[in-house]
Amino acid sequence: MCRNIRPLNNFEPPATDDEVHAAALQFVRKVSGTARPSQANQAVFDQAVREIAHLTRHLIDDLTTTAPPKDRDVEAAKARARAELRYAR
């Protein structure tokens, strides 16, 4: 999985459309092998991002869980702590 794609399910507040779009963009970049498509491929690239974002939104909205929602601030603090350990010199 792409390092920049973050889990979006089961957060309070729920994932925003911007977060879903960013994840879709990262996915399309990874699959296509390019961060900036050529002009000839721009329309296809943008369409793929829109379709994947749409499907991702449906997936997130339809998933169910019995786990309590995660707090974004707590999860961000955990990620910072992991990064600090990983990149400490």
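## Proline 69 and its surroundings

Proline 69 touches Asn10, Phe11 and Glu12, leaving out residues up to four places away in sequence; contact here means heavy atoms within 4.5 Å. The structure is a predicted model, in which local features need pLDDT of at least 70, side-chain atom pairs count only at pLDDT 80 or more, and totals for chains, interfaces and linings use all residues. Residues are numbered from 1 along each chain as its sequence is written, and side-chain values use heavy atoms, with hydrogens and water left out.

Proline 69 is located in the loop between helix 2 and strand 2 (70-71). With a relative accessible area of 48%, proline 69 is partly exposed. On this scale, buried means under 20% relative accessible area, exposed means over 50%, and partly exposed lies in between (1.4 Å probe, protein chains only). Phenylalanine 27 is 42 residues from proline 69 along the chain, and the C-alpha atoms of the two are separated by 24 Å.

## Overall architecture

The protein contains three helices and two strands. Their order along the sequence is β-α-α-β-α. Both kinds of element are DSSP runs numbered from the N terminus: helices are H or I with at least four residues, and strands are E with at least two.

The radius of gyration of the protein is 16 Å, whereas a compact globule of 89 residues would have a value near 12 Å. This radius is taken over C-alpha atoms, and the globule rule is 2.2 Å times the number of residues to the power 0.38. Along the principal axes, the C-alpha atoms fill a box of roughly 45 × 40 × 15 Å. Among contacts with a separation of 6 or more, 68% are between residues 24 or more positions apart.

## Surface and charge

Of the 89 residues in the protein, 20% are buried.

The side chains include 14 positive and 12 negative ones, and the centres of the two sets lie 11 Å apart. Lys and Arg count as positive and Asp and Glu as negative, while His and the chain ends are not counted. The place of a charge is taken as NZ of Lys, CZ of Arg, CG of Asp or CD of Glu.

## Nonpolar core

The largest nonpolar core consists of twelve residues: Ile5, Leu8, Ala15, Val20, Ala23, Ala24, Leu25, Val28, Phe45, Val49, Ala53 and Ile60. Helix 1 (17-32) and helix 2 (39-62) each supply at least two residues of this core, and the largest share, five residues, comes from helix 1. Such a core is a set of buried Ala, Val, Leu, Ile, Met, Phe, Trp, Tyr and Cys residues joined through side-chain atoms within 4.5 Å.

Leucine 25 is one of the core residues. Apart from neighbours within four places in sequence, leucine 25 is in contact with Phe45 and Val49.

## The segment around strand 1

Asparagine 9 and asparagine 10 are both placed before strand 1. Asparagine 9 is partly exposed, at a relative accessible area of 26%, whereas asparagine 10 is buried, at 17%. Asparagine 10 has a positive phi of about 65 degrees, although it is not a glycine.

Asparagine 9 touches Ile60, Leu63 and Lys70, not counting residues up to four places away in sequence. Its C-alpha atom is separated by 8.4 Å from that of aspartate 61, which is 52 residues apart along the chain. Proline 13 belongs to the loop between strand 1 (11-12) and helix 1.

Glutamine 42 is found in helix 2 and is partly exposed, with a relative accessible area of 30%. Glutamine 42 and arginine 72 are 30 residues apart in sequence, and their C-alpha atoms are 33 Å apart in space.

Valine 74 is placed in helix 3 (residues 72-87). At 41% relative accessibility, valine 74 counts as partly exposed. The C-alpha atoms of valine 74 and glycine 33 are separated by 33 Å, the two residues being 41 residues apart along the chain.
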